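Let's take a walk through this structure together, one region at a time. Keep the sequence and the model side by side as you read.

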Amino acid sequence: MSNKYHVIVVGAGHAGCEAALAAARMGCSTLLLSIYLDTVAHMPCSPSIGGIGKGHLVREIDALGGEMAKIADKTALQFKRLNTRKGPAVRGTRTQNDKVKYRTYMKHVIEKTDNLELKQAKVESLLIEGDRVVGVIDEIGRVFEAEAVILATGTFLHGLIHIGTTKIPAGRAGEFSSEKLADQLRELGFEMGRMKTGTPARIHKRSIDFSCFEKQLGDEEPYPFSLFTEKIEIEPVPCYFGKTSKKCHEIIRENIHLSPLYNGTIQGISARYCPSLEDKIMKFPHKEFHNIILEPEGIDTEEIYASGTGNSLPYEIQERLIRSIPGLEQAEIMRCAYAIEYDFVQPTQLKHTLESKLIKGLFLCGQINGTSGYEEAAAQGIWAGINAALMVQKRPPLVLDRSQAYIAVMIDDLVIKGVIEPYRMFTSRAEYRLILREDNADLRLLEIGYRLGLHSKDTCKDLIERKKQIQDEIKRLKTTRLYPVENVNKILKQRGSSPIYNPTTLDQILKRPELNYSVIEELSPPPISLSKRIKEEVEIECKYEGYLKRQEAEIKRFKELEYIKIPEQIDYDKIPGLSNELREKLKKTQPDNLSQASRIPGMTPAALSILRIFIKKENHLKKEG
């Protein structure tokens, strides 16, 4: 059999799986390499998918033609829609998942996908010819050739686990770290750094006194991630909420010198928004307790994920602090908590396609780019897989702007701003979040997925029909008037809304904050049956019409800067009035247009104006020449 492929993906975590599936489904012969085939699409930390901001990414992956949303729906133990009392821009879906079933389902999808081969191999080095990657070599000397290589190495580059004074070279617990590949990236000239993350203890279910915890089930009516999930039938499995104790805090303070995070052993940067337990105790001494959440790891296991107990203390200290938590006095630790350090590549060295600026045909996605989270990794994975396939097929790249997708916001943040800590997606990172909602991901991105070859013609037809139904219903609401007759005002009164005294359009009724689309169905039912999602979309579009128009105007101004391209051969040293710091940042980032330049840290309105004038003058001179 030939060892030549169009695309090779190194690493089969959430990023690698989506990258390989996208490239293969677009018609490229693709090879996915994993150090250990039993941990393809493994969930090494929280057994859950989604959340605020993260759920948006999952929906967008689904809209583009990815797999994460479908697998999350199939393996969910419970569904929870977050922020339902807040505006639609910040609502997010989260599932609690069976982690074994998740990776089993994903591995099966990969194994049966055309154009895709899955092999177990530890990649030791990249094959480079000139300034281009042409393949990889594994630890037993096998050579695999390709036109594009995607690195999705997760936490494996020089991965080092810390448990007290014990250090274990590993990419994850029980799995080899990757040393030679990390060294080669440095030798090739990549700017790299160290980051730190961690995972909490797993506790045997039978050793927990659940009466000390507050039981929490998911939503009674599940709201699936995937557009293609027709029905969900699950018996929800509960999570349990508890709190730390005064004794727990004392144990950590007394032994903080044994924590590698505090005694100087760990050099990697950890995330501010997801601190370890010892970090919480030391940084927030005024807090009497911190939350603990017990999350089931699956149906066919007794392991319970003790969220909130993540630390890097010695095992014997971990045992004491766990047993000082009410309800965990008899806890049996099945897997202890640990911290892990690993190498990452500063993402300012990448193009917006996630292709390296240094080595042609080399794409990077996932935690190697300084991000954290399954969802961020998977989103980068599908993006890298799509662009690697497009490069091989000599088609234009996929580059979306910040007004089109959360994925585009994340990629732009990484490439333009770089990272100083593990990057996590929040809704606050998106300027146009009212337009980039979870509910409309398919309306924004599904046609793009179809043009790429990641959706069928029938799927696209269904989308066009949904769009038409939404537009027709909004038009009907704007043109249909209600009159102040007794029955109308009676219904409004029953709904806690004031009566009308003049003819009023249905959309004006729906704009009332106390009313939802069900009142329209009672007052003036639509001519055809509409799905729940279409009703929701119609309601949002009507209620937030003014805000949406305002954001659309902002996007128009934003795009004006996008249209002003920066010449590839521009010499920033020749631009008078720019600070040396900004010159260096512009050289390093190499923005394609003024919009990207405007987001470089330290860029001022005055400097942007200077850059704009210089580009205009240069273009004018070229035309005269």
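Helices (H or I, at least four residues) and strands (E, at least two) are DSSP runs, numbered from the N terminus. Please keep in mind that this is a predicted model, in which local features need pLDDT of at least 70 and side-chain atom pairs count only at pLDDT 80 or more, while totals for chains, interfaces and linings use all residues. Residues are numbered from 1 along each chain as its sequence is written, and side-chain values use heavy atoms, with hydrogens and water left out.

Which residues of α11 are buried? They are Ala 441, Asp 442, Arg 444, Leu 445, Leu 446, Ile 448, Gly 449 and Leu 452. The helix covers residues 441-452, and its 12 residues reach 16 Å from first C-alpha to last, close to the expected 16 Å (1.5 Å times one less than the number of residues). Just after α11 comes Gly 453, with a positive phi of about 95°.

Now to the interior. In soluble globular proteins, nonpolar side chains tend to be buried together. A nonpolar core is a set of buried Ala, Val, Leu, Ile, Met, Phe, Trp, Tyr and Cys residues joined through side-chain atoms within 4.5 Å. The largest one here has 109 residues, and Ile 8, Val 149 and Leu 151 have the most contacts inside it. Helix α9 (residues 374-392) supplies the largest share of this core, 12 residues. A second, separate core of 24 residues includes Ile 203, Phe 210, Ile 304 and Leu 313.

Next, look for an open sheet of 6 antiparallel strands, in the order β14-β15-β16-β17-β13-β18. Strands pair if DSSP finds at least two bridges between them. At the edges stand β14 (214-216) and β18 (333-335), each with a single partner strand, so one side of each has no neighbour in the sheet. Strand β13 (residues 202-204) is joined to the antiparallel β17 (residues 303-307) by 3 bridges, and His 204 stands opposite Glu 303 in β17.

Our last stop is Gln 318, in helix α8 (residues 315-323). Is Gln 318 buried or exposed? Gln 318 is buried, with a relative accessible area of 1%. A polar atom of its side chain lies 2.9 Å from the backbone oxygen of Leu 313.

Key:
Buried < 20%, exposed > 50% of the residue type's maximum accessible area, 1.4 Å probe, protein only. Polar contact = N/O pair within 3.5 Å; in protein donor to acceptor, adjacent residues only side chain to side chain.
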